[in-house]
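Take a look at the structure below. Then follow the report through its folds, rings and cores.

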Amino acid sequence: MITVEMHGGCGFFRNPLESGTQYSSPGPAPSAIAGFAGIALGFRSQSAGPQAGPIPWPVAADLLEWLRKTNCRVAAAWIGGSPTIQRRSHNVNAIKDAFRGNPGECFVRQEQVLVWKPSYLIAFDAGEAEEELERALREPYWRPYFGSRNSPAWFTAVSRTPRAARWARICKDPQDGTPITQTVINAQEAGERLVLRDTFWDYSVLRVEPSLPDERHFVAAGAILPAKA
Amino acid sequence: MNTIAHSSNHIWILFGWEAQQAAPNRDPYTNLFHIEPGTGQIYTSEEHFKHHWRRALHEVARRHSKLAPLYGDKVEAITYYRKEGYDGEFHNVESRRKAFATEWALKDTADLGAKIAKMALDLPLFGFVSAGKKEKATTINSIKPLFMPSTFHESEIISLGVNNAFPSNDAKSAGSSMRQMLRYGHFLSLIEIDLRQLEENTKNHRAGLSVEEWVDLALAALWAAYTTDRKPSVSQRNQFATFMAVWRPDLRVDVPKNPADIFGALDSKLIRTSDEGLAELKKHLPAYLEAIGGANAEMRFCRRGLSLK
């Protein structure tokens, strides 16, 4: 197991259950954490990558392959200065390259509610790939970010020693949860890019005593499924 | 100092500017300043900051010795993201794309987004989200502030009641409104350039600049945005750059620390004048730079006698 702290000025974790919403989930989903590993390892971004086989949209093909090989599992805990995750409204005038909407509009007022001063403890269980991952986390190839590219983050305190923390718990009905999704590989049949597992990571675990991460907390990072059409 | 000949893949910039009787950035819904609760520090959005940077990039390019032959005759098709054109009209996506196709005399507009990404000067720096279904032109930003630009001190907000130039139809009303401004704010922004990303973004770009020249262009544009090419509106014009420090961090040991956190070291948290602000910055700037690995930073630009030592 490897743990690493991640810190930033703000975070913006979009909720796939609420398309178009600007209210950040409380923390990264396992698939986002897979992205952190990919950034550290230097894999190309999903949006800059080529199409991988039958998938009709860009995917991070190198990262998908790495996840398949390593069967990487991840856990996360909030370790910010405040006991609960703080969010802050941060509305902006932005310019969207939108092909929908009124032809006369190219800029939009965006209502955003961001996680403020985010800090997380992330655990990776990646088997034989941990040595390579540890090196990458110490000297990441790209700058990591918390969801949006306007929310840069940084890795510190990379360690092989697990720490006790209030790890996010898998649950069905959280107080403040991040939806857990998985990437679909037969998208042409399924018609969907993401499968919602109907589970969440509950980051609001104030009443839980700090513990070492275990099976209650680990989720496969962006595990890949064939989905039914 | 040659900021490129180094093993590190990043450049950090600490940029400072003063705002006096100005209103740099407000929430577009509430029209209020972005205020840090508990400290009274004022911060701006990254979008606002980059908007001014892009604006000046357009102007700097037209007088740049290497870029002027290619961009000097362009009006709209120098930077991509602008709310309004030089004709004063709001532009939408179609009109922006058309402007590029027209001004660059493109006969083939297939994959136009990808072509624009290699013509517009702002996209390799600040990124491009290409929403076209068939286009693969998305560009990851290579320059980004690591924190939202913020004053390093508490700022006072002054409220001014003003009469508008033209009264309303109601003869009893003089068309008054309340305008809020900062009495004084010295903003600091810690910015990162990812040289690997910049190199990737600028491959085959029409500008034909080296990575080092792109960095110099970006830094010159940022300085111009708050000096020679300030926006002339009432809320923006009284903002002047004070300094720009540049260095190559060792990211194995250097962790970004928010320059807004200089607040904790101030004896007097509320700063109301330029002289007070510069005096405090002179006291605390060297220690802050030391703390984030910038002890050997180069002072690329400077006004008002600030020193890094």
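## Buried or exposed

A residue counts as buried when its relative accessible area is under 20%, and as exposed when that area is over 50%. Tyr81(B) has a relative accessibility of 9%, so this tyrosine is buried. Phe128(B) has a value of 1% and is therefore buried too.

Keep one point in mind throughout: this is a predicted model. The mean pLDDT of chain A is 83. In that chain, 78% of the residues reach 70 or more. Residues 49–54 of chain A stay under 50. Even so, the model gives this stretch eleven contacts beyond four places in sequence.

## The two chains

Start with chain A. This chain has four helices and 14 strands. Of its 229 residues, 51% are buried. Take the contacts in chain A between residues at least 6 apart in sequence: 78% of them join residues at least 24 apart.

Now chain B. Here there are eight helices and nine strands. The chain has 309 residues, and 56% of them are buried. Among its contacts with a separation of 6 or more, 72% are between residues 24 or more positions apart. The C-alpha atoms fill a box of roughly 65 × 60 × 35 Å along the principal axes. A compact globule of 309 residues would have a radius of gyration near 19 Å, and the 21 Å of chain B agrees with that.

## Aromatic pairs

A pair of aromatic rings is described by the distance of the centres and the angle of the planes. Over all chains, the structure holds 27 aromatic pairs. How are the rings of Trp12(B) and Trp247(B) arranged? Their centres are 6.1 Å apart and their planes meet at 85°, so the pair is edge-to-face. The two residues sit 235 positions apart in the chain. Trp12(B) belongs to strand S1 (residues 10–22) of chain B, and Trp247(B) to strand S8 (residues 239–247) of chain B. Both tryptophans are buried.

Tyr81(B) and Phe128(B) form another edge-to-face pair, with 6.2 Å from centre to centre and 65° between the planes. This pair also links distant parts of the chain, 47 residues apart. Tyr81(B) lies in the loop between helix H2 (68–71) and helix H3 (93–103) of chain B. Phe128(B) lies in the loop between helix H5 (123–126) and strand S4 (143–145) of chain B.

## Clusters and charges over rings

Ring pairs can also join up into a cluster. One such cluster includes Phe15(B), Trp17(B), Phe49(B), Trp53(B) and Phe126(B). Phe187(B), Trp223(B), Tyr226(B) and Phe301(B) belong to this cluster as well.

Arg26(B) lies over the face of Phe33(B), at 5.4 Å from the ring centre. Lys269(B) lies over the face of Phe263(B), at 5.0 Å from the ring centre.

## Nonpolar cores

In soluble globular proteins, nonpolar side chains tend to be buried together. The largest nonpolar core here has 61 residues. Those with the most contacts inside it are Ile13(B), Phe15(B), Trp53(B), Tyr80(B), Leu121(B) and Ile193(B). Helix H7 (residues 211–225) of chain B gives the largest share of this core, eleven residues.

What does Trp53(B) contact, leaving aside its neighbours within four places in sequence? The list is Phe126(B), Ile143(B), Ile191(B), Ala218(B), Ala221(B), Leu222(B) and Ala225(B). Another core lies apart from the largest one. This other core has 39 residues, among them Ile2(A), Cys72(A), Ile85(A) and Ala136(A).

Ala297(B) is in the loop between helix H8 (274–291) and strand S9 (298–302) of chain B. Its relative accessible area is 11%, so Ala297(B) is buried. Beyond four places in sequence, Ala297(B) contacts Ala245(B), Val246(B), Trp247(B) and Leu308(B). Arg248(B) is 49 residues away along the chain, yet the two C-alpha atoms are separated by 7.9 Å.

Most residues other than glycine have a negative phi. Ala105(B) has a positive phi, near 50°. This alanine lies in the loop between H3 and helix H4 (112–117) of chain B. At 58% relative accessibility, Ala105(B) is exposed. Asn204(B) also has a positive phi, of about 65°. This asparagine lies in the loop between helix H6 (195–201) and H7 of chain B. Its relative accessibility is 73%, so Asn204(B) counts as exposed.

Note on methods: Residues numbered from 1 in each chain as written. Chains lettered and ligands numbered in written order. Predicted model: local features only at pLDDT ≥ 70, side-chain atom pairs only at ≥ 80, totals over all residues. Heavy atoms only, no water. pLDDT = per-residue confidence, 0-100. Contact = heavy atoms within 4.5 Å. Phe/Tyr/Trp six-rings, centres within 6.5 Å; stacked < 30°, edge-to-face > 60°. Buried < 20%, exposed > 50% of the residue type's maximum accessible area, 1.4 Å probe, protein only. Lys NZ or Arg CZ within 6 Å of the ring centre and 35° of its normal. Core = buried A, V, L, I, M, F, W, Y, C linked by side-chain atoms within 4.5 Å. Rg over C-alpha atoms; globule rule 2.2 N^0.38 Å.
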